[in-house]
Amino acid sequence: MKHSLAPSILSFDLTNLHESVRTFLAAGAGIVHLDVMDGQFVPPITFGDSYVRALRSIVPQAFFEAHLMTLSPERHFEAFAEAGCGRILFHAEAGVHSYRHCQTLQSMGVEAGIAINPGTPVESVVELLDVVSLVLVMTVNPGWGGQSFISSALEKVRRIRELRPELNIEVDGGIDPKTLPIAQAAGANVFVVGSYLAKAPDLTAAVRGLMEQMG
Ligand SMILES: O=C(CO)[C@H](O)[C@H](O)COP(=O)(O)O
Ligand SMILES: [Fe+2]
């Protein structure tokens, strides 16, 4: 099982974002995690596909994943795929026809990921496990960076790992050097890290430290 670090750009200084992205990719992080919020599924509004396209022109080879925290996520699949996202994650709570939406993403040649909020049970995604390449278990309530890790969500990671030994399981929210090993022990293999990296005095050292912990 491949372990990957997915820095979220949500909390980075926007005036210097391109440098931060170049730095964390050069340090070995394999995925750029893009938190797209629509002001409806969650209160804040972040950015759209044109922003992602601009970022992509700076790092054209990087693997981008869009974490859509939007209602009617399927409306945005094409735009984010065209902007260069190789994986699109949407919320089980937001997609009325989640199975079909995963099939749509597959047919577009994009990896499908399904995300669940802390209050959403594993049962809501069990029937999707054959059509996703990843399940994202939120370890904070979606909408904001810098929140505290909700450790009870790890029981869901354990259960999904038991059901699917080979599936990618991502955790998102409150991941830092203390919580990463706990999430890894529960069975997670993809780790979104936002504010811990955004605040790190030495971004390269912080990425390398987390990668060493992942082993
Ligand atoms: O999806 C998200 C928020 O909805 C972010 O990816 C997540 O919060 C990462 O930030 P942090 O590491 O600061 O918790
Ligand atoms: Fe996210």
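**Exercise 1.** In this predicted model, determine how the residues of the shell around ligand 1 divide into nonpolar, polar and charged, and which elements supply them.

*Solution.* Begin with the composition: the shell around ligand 1 holds nine nonpolar, 12 polar and two charged residues. Next, count the surroundings as a whole, where 23 residues surround ligand 1, and pick out the closest, which are Ser8, Pro142, Gly145, Gly194 and Ser195. Finally, assign the shell to secondary structure: at least two residues each come from strand 2 (31-37), strand 3 (63-69), strand 8 (190-193) and helix 8 (195-199).

**Exercise 2.** Identify the residues of the largest nonpolar core that touch the most other members, and list what alanine 183 touches.

*Solution.* The largest nonpolar core has 64 residues, and those touching the most other members are Ala66, Ile88, Val137, Val157, Ala183, Phe191 and Val207. Strand 2 gives the most to this core, namely five residues. Turning to alanine 183, and leaving aside residues up to four places away in sequence, one finds that it touches Leu154, Val157, Val171, Ile175, Ala188 and Phe191.

**Exercise 3.** Trace how strand 6 is joined to strand 5 and to strand 7.

*Solution.* Strand 6 (residues 134-138) is mostly covered, with four of its five residues buried. The chain passes from strand 6 to strand 7 through helix 6 (residues 154-163), in a β-α-β crossover that is right-handed.

Definitions and conventions:
Residues are numbered from 1 along each chain as its sequence is written. Chains are lettered from A and ligands numbered from 1 in the order in which they are written. This is a predicted model: local features need pLDDT of at least 70, side-chain atom pairs count only at pLDDT 80 or more; totals for chains, interfaces and linings use all residues. A residue is near a molecule or strand if its C-beta atom, placed from the backbone, lies within 6 Å of it. Ala, Val, Leu, Ile, Met, Phe, Trp, Tyr, Cys and Pro count as nonpolar, Asp, Glu, Lys and Arg as charged, and the others, Gly among them, as polar. A nonpolar core is a set of buried Ala, Val, Leu, Ile, Met, Phe, Trp, Tyr and Cys residues joined through C-beta atoms within 7 Å. A residue is buried if 20 or more other C-beta atoms lie within 10 Å of its own, exposed if 12 or fewer, and partly exposed in between; C-beta atoms are placed from the backbone. Two residues are in contact if their C-beta atoms, placed from the backbone, lie within 7 Å. Two strands pair if DSSP finds at least two bridges between them. A crossover is right-handed if, with the strands pointing away from the viewer, the path from the first strand over the helix to the second runs clockwise.
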